[in-house]
Amino acid sequence: MLSQKTRYAIRAMQHLADCHGQGPVQLAEIAEKQNIPVKFLTVILSELTRFGLVESQRGRDGGYWLALSPIDITYGDLIRIMRGSLALVPCASRFAHEKCKNCVEEGECRTRALMLDVRDHTARLLDSRRLSDRIEPVPAFTDEDFSAS
Ligand code: SF4
């Protein structure tokens, strides 16, 4: 699964994409609207600035804004920059590769082959979706949804 940090980064970037072209957005606004702890958000925004996705300005009228147009930022890039793994198992991750305990030979493991396929499909999908894309929220799961699965 994506780390909490990566999920916060995605929400912060979506917020900045929604405000694109409207000037700097204050950190407090992003923190409040996206329910992200201020300390955590400060670190995330400084990382995103370092990677050239966000620009900032200090001072009373300062804040943060996207350094690129939302159409030029894919979810795949964003997740990779935050070092988020797209794989369901660590041995299928290209960025955070790890073997589990009691691993059989990686090159002979069918589970890993399947999970690599899942990872590659996920990467293709996330590389095709951009911050400018309209994404409709999906209703929260109900108790019936949980009992059906
Ligand atoms: S046993 Fe298979 S799935 Fe588990 S770490 Fe090794 S290669 Fe990956």
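Biologist: What should I know before we start?
Modeller: This is a predicted model, where local features need pLDDT of at least 70, side-chain atom pairs count only at pLDDT 80 or more, and totals for chains, interfaces and linings use all residues. Residues are numbered from 1 along each chain as its sequence is written.

Biologist: How do you know that the span of α1 agrees with its 15 residues?
Modeller: The expected span is 1.5 Å times one less than the number of residues. For α1 (residues 4–18) that gives 21 Å, and its end C-alpha atoms are 21 Å apart, which agrees. Helices are DSSP runs of H or I with at least four residues, numbered from the N terminus.

Biologist: Which residues of α3 are called buried?
Modeller: They are Leu-41, Ile-44, Leu-45 and Leu-48. Buried means 20 or more other C-beta atoms within 10 Å of the residue's own, exposed means 12 or fewer, and partly exposed lies in between, with C-beta atoms placed from the backbone.

Biologist: Why do you say that they line one face of α3?
Modeller: Down the helix axis, the buried residues fall within an arc of 100°, so they line one face; the arc is that of the directions from the axis to the C-beta atoms. Exposed Lys-39 and Arg-50 sit on the face turned away from the buried side.

Biologist: What makes up the shell around the ligand?
Modeller: Its residues divide into six nonpolar, one polar and three charged. Nonpolar covers Ala, Val, Leu, Ile, Met, Phe, Trp, Tyr, Cys and Pro; charged covers Asp, Glu, Lys and Arg; the others, Gly among them, are polar.

Note on methods
Helices (H or I, at least four residues) and strands (E, at least two) are DSSP runs, numbered from the N terminus.
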